[in-house]
Amino acid sequence: MAYALFKDDEKLSRTFSTKEETLKMADDAGLVEEREGVPRLEDDLKIESCSPDPEPHIEDDLDWTPESRRPDPG
């Protein structure tokens, strides 16, 4: 199963093989906050299962879409 980061039902990231990997990449992008000692995605962001991306990715590929930028926080 594949997972990606979503905001308001819009897919914001490429797919990853696990929820944990998706959360780690979101954390690396500055999209995770610590609340009561627990890492949580910023408001309105969620990790959902989805269809795998049609093209395979290598580690150097951009992890976040669209247009090579972080999701707009507001």
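This is a predicted model: local features need pLDDT of at least 70, side-chain atom pairs count only at pLDDT 80 or more; totals for chains, interfaces and linings use all residues.
Lys11 is partly exposed, because its relative accessibility is 29% (buried means under 20% relative accessible area, exposed over 50%, partly exposed in between, with a 1.4 Å probe and protein chains only). Residues are numbered from 1 along each chain as its sequence is written, and side-chain values use heavy atoms, with hydrogens and water left out.

**Overall layout**

- The protein chain has one helix and five strands; helices (H or I, at least four residues) and strands (E, at least two) are DSSP runs, numbered from the N terminus.
- Starting at the N terminus, the order of elements is β-β-α-β-β-β.
- Of the 74 residues in the protein chain, 32% are buried.

**Salt bridges**

- The structure holds five salt bridges, each being a side-chain nitrogen of Lys or Arg within 4 Å of a carboxyl oxygen of Asp or Glu.
- One of them pairs Lys11 with Asp53, with 2.5 Å between the closest N and O atoms.
- Lys11 sits in strand S2 and Asp53 in the segment after S5, so this pair ties together parts that are 42 residues apart in sequence.
- Asp53 is buried, as its relative accessible area is 18%.
- Another salt bridge joins Glu33 and Arg35 at 2.8 Å, N to O.
- Arg35 also forms a salt bridge with Asp43, where the closest N and O atoms are 3.1 Å apart.

- Helix H1 covers residues 19-28, and its buried residues are Thr22, Met25 and Ala26.
- These residues lie on the same side of H1, because they cover an arc of only 100 degrees around the axis (the arc is that of the directions from the helix axis to the C-beta atoms).
- Turned away from that buried side is a face with the exposed residues Glu20, Lys24 and Asp28.

**Around strand S5**

- Leu45 lies in strand S5, which spans residues 45-50.
- With a relative accessible area of 12%, Leu45 is buried.
- Leu45 and Asp9 are 36 residues apart along the chain, and their C-alpha atoms are separated by 9.3 Å.
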